[in-house]
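The sequence and the model are shown first.

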Amino acid sequence: MIRYLLRRTLLLVVSLFVASVLIFLLLRLLPGDVATTIGGLRATPAQLARIRANLGLDRPLIAQYGSWLGGVLHGDFGRSQLNGVSVSAELATKLQVTAPLVGGGIVVALLLAVPFGILAALRHRSSVGGGISAVAQLGIAVPTFWLGLVLALLFAVELRVLPAQGFPVSGWNSPGVALRSLILPWLALGLSEGAILLRFVRSSVLDVLSADYLRTARAKGRTRVGALLTHGLRNAALPVTSILGLQIAGLIVGAVVVEQVFALPGVGTMLLSDVGNRDLVKVQGEVLVISAAVLVISFAIDIAHRVIDPRLREAG
Amino acid sequence: MRRALTTLVPLLAAVTLVACGTGAPSGPATGASSLAATPPDAQLNLDATVNVRLTLEPTSLNPFSTAGAALDQLLLTNVYQNLLTVDVNKQDAVVPQLASSYDESPDGLTYTFHLVPNAHFHDGKALTSADVKWSLDQQTAPGSLGIYAANFASINSVAAPDPRTVVISLKHRDTWLLWNLTQREGIIYEQGTNFASLDSKDNGSGPFTIGAWNRGSSITINRFAGYWGAQPKVASVIFHYISDSNTANNAQQTGQTDVEATADPTLLQPFTNSSSFTVLSGSTSDKFTLAFNDAVAPFTNPAVRHAIRQAINNADVIKAYGGGIAIGSDVPPQDPWYEDLTSIDKYNPANARKLLASAGFPNGLSLTLTVPNIYTTAITDVLTSELKQAGITLTVNRVEFQTWLSQVFTNHQFQLSLVDHAEARDIGNYANAKYYFGYDNAQVQNWFAQAGTAASDTDRNALLKQVGKQIATDAASDWLFLAKTFTVVRQGVYGVPSIETTERFDASNLAVAK
């Protein structure tokens, strides 16, 4: 296990270095630059050149990359070229919205997907199973944007029980208001993601239900549900945790649609705005931190697999 | 259950229409031109906070060296002030602000400004002529990073003979000077200001100070107790930056915002005929311009340009957008050189086909339109449909704004472009052959240059009127429409601006009833 951990940690470091190079170079392929955002449509070519020189954008790419990487190695992910805000500070602020948003969304998704996915598998030949599958299919087909609007219209505009949009200016210093402002986004995100996850849970449980070891357990006198709970769920959880890991990683940025519908100042909205403004030093810092988070989550999922599945531990 | 369904089903149908964008209005939206008069102070809550929805968040709070209409909208008048300002209620007349009055020498080369007494910066220091001189010197200094510093190229020197008098001497007459003093480049900063520090702490002389910037969400401005003029009647204003129109509507309907500026004209239904809200309609300088690349074929042939203009029915485009007026040139009615030129190239698809045939395209032609993806597809759908009837197959290339800037604006790699030219008084773009329009008319350039140094505003206006007419006659572009702006106001809120609010949202008259 220790050798495995060391090998995976080394792979993590190499992956991060490759990610930093790719992020830096790919962003340079985008048309336009931050100088035009700063200078605007009426700036003269001479003014734009001065802005670029002030920001160091006229230096060779390798020098720009070197400066950035040097900062990153010292824990400095850079600063906005538009307003001087530190990338780390900005990310920390935005994660105060996005992390609970994604976390709560995943909890809603799990609460929906696990029980109903198992039920759909256990009753897959009945109308209950068929009904759950059909609703899940509908849930996958419904755009998150539309679902968010429906929820806001129903619970905020019509029933007036929850806020329609926004996050308190005072943030988590007003925990009650902050929580209330996240309920509808959680539902919008959780229902969409839960519908996807439910299909995987159902499929995974169905596979397990037809496995030999479950038949053996039932032959020894266990009920179908009892055998599934004792022996089957652990195996069924393996593919589901993989999908869950991918969903969490994707949602850190992918929650942007929900952030837009509910006007939440999160990571996705910030990235969208920064890319649009070509604030590339900020974007590359943000994307690197997010990439690192994705790689760490993937690392954690691998470890979780080993804890769940003894066969992987034995394989070394 | 049945009751829940009866609520939910129509709601879902309504949301589907809204989300799919199929709820097209039967015609352009309308609104009131003004609110009821503000009641006396005794009936107002002078400690109120007003929540205002805006669309575009500033990228920085440094107005000296960062461009962007969102900075102007927030900062001009509210936080920073100029010698002069624009009165949008008087057809954009130039009126005093920090200068109570000014004199112009008979030769038009010297302007003397007399400052108001008791003006102070937000750090408490008195505003004097030395600050004015220093601010203008920062713009005119060689290599200045001031945005639009080039607009003060005519200034020879600025003097401060006494603490309340400023004298600007010009190299030559400049009929744009007073207007430019009302704009971003004319902001008066405290002597010695470090502009980079303005992002974290403002130091203007306006009625509000910046309270907090919750990036990606809102900016709060607070009443400045030391303001030299009339004190604002509200303690704070929170500007909420909500880009999605449906979300903004929800916020306004549920009372999270008191004022919804730049409301989507196609989504006003919840507010019209409601006793809880007033919908205000105001003019803008937003000219939705279909630009031809005049420097390349087939647009080098004027017949093609006229054909396109005649193939498009402006009324249909305005209906698709939701609100606006036809202008016929690059001049909105509030400009002193406005002339109704909508009779030039009126909608005539049959003649458009003839013009194309005469230009060598009897079987029509295919063109590509490059448009930033921030604009509604309803406009481009109308263009595609109407140009098709004239024999033009239009391919719409929707790109991100920075790509438009790079491809169209900087590198001139386009055939047709659609963008909102929101800058006021920007007719000079047609006198610049290097501008992305590619319009090169020596006569227009000459008239525009003469207008800049004309002996009087009357002479200038006459020359610019000729420019406006000539570019329309040449079909230099197609000015599809001048947008109207719609502002939804909750009952009990007064003093809400409604005209040209994307250029400056003057919060100084806001008031809330007790």
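Where is the place of B:Ala475 in chain B? The model is predicted, and in it B:Ala475 lies in the loop between α12 (457–473) and β17 (477–490) of chain B. B:Ala475 is not a glycine, yet its phi is positive, about 50 degrees. Buried means under 20% relative accessible area; B:Ala475 has 0% relative accessibility and therefore counts as buried.

**Backbone features in chain B**

A second residue other than glycine with a positive phi is B:Thr77, where the angle is near 75 degrees. B:Thr77 sits in the loop between α2 (69–75) and β2 (84–87) of chain B. Its relative accessibility is 8%, so B:Thr77 counts as buried.

Chain B also has a cis peptide bond, running from B:Ala297 to B:Pro298, with omega near 5 degrees. The loop that holds B:Pro298 is the one between β12 (277–292) and α6 (302–311) of chain B.

| Residue | Phi |
|---|---|
| B:Thr77 | near 75 degrees |
| B:Ala475 | about 50 degrees |

**The interface of chain B and chain A**

Chain B and chain A each bring 44 residues to the contact. About 3,900 Å² is buried between the two chains, and 59% of this area is on carbon and sulfur atoms. On the side of chain B, the residues that lose the most area to chain A are B:Thr59, B:Arg215 and B:Gln402, which together make up 16% of what that side buries.

Across the interface, 1 salt bridge is found. A:Arg278 forms a salt bridge with B:Glu400, and their closest N and O atoms are 2.6 Å apart. The number of residue pairs in polar contact between chain B and chain A is 15.

Which elements of chain B each supply at least two residues of the side that touches chain A? They are α1 (2–20), β8 (208–214), α5 (245–253) and α10 (401–410). The largest share, 6 residues, comes from α1(B). By type, the residues on this side of chain B are 15 nonpolar, 23 polar and 6 charged.

**Helix α3 of chain A**

Helix α3 of chain A spans residues 45–55, and A:Gln47, A:Leu48 and A:Ile51 are buried in it. Seen down the axis of α3(A), the buried residues fall within an arc of 100 degrees, so they line one face of the helix. These buried residues pack against α2 (34–39) of chain A. After α3(A) comes A:Gly56, with a positive phi near 80 degrees.

Notes
Residues are numbered from 1 along each chain as its sequence is written. Chains are lettered from A and ligands numbered from 1 in the order in which they are written. This is a predicted model: local features need pLDDT of at least 70, side-chain atom pairs count only at pLDDT 80 or more; totals for chains, interfaces and linings use all residues. Side-chain values use heavy atoms; hydrogens and water are left out. Buried means under 20% relative accessible area, exposed over 50%, partly exposed in between (1.4 Å probe, protein chains only). Helices (H or I, at least four residues) and strands (E, at least two) are DSSP runs, numbered from the N terminus. The arc is that of the directions from the helix axis to the C-beta atoms. Contact means heavy atoms within 4.5 Å. Buried area is the accessible area (1.4 Å probe) that two parts lose on being put together, summed over both. A salt bridge is a side-chain nitrogen of Lys or Arg within 4 Å of a carboxyl oxygen of Asp or Glu. A polar contact is a pair of N or O atoms within 3.5 Å; within protein, one must be able to donate a hydrogen and the other to accept it, and residues adjacent in sequence count only if both atoms are side-chain atoms. Ala, Val, Leu, Ile, Met, Phe, Trp, Tyr, Cys and Pro count as nonpolar, Asp, Glu, Lys and Arg as charged, and the others, Gly among them, as polar.
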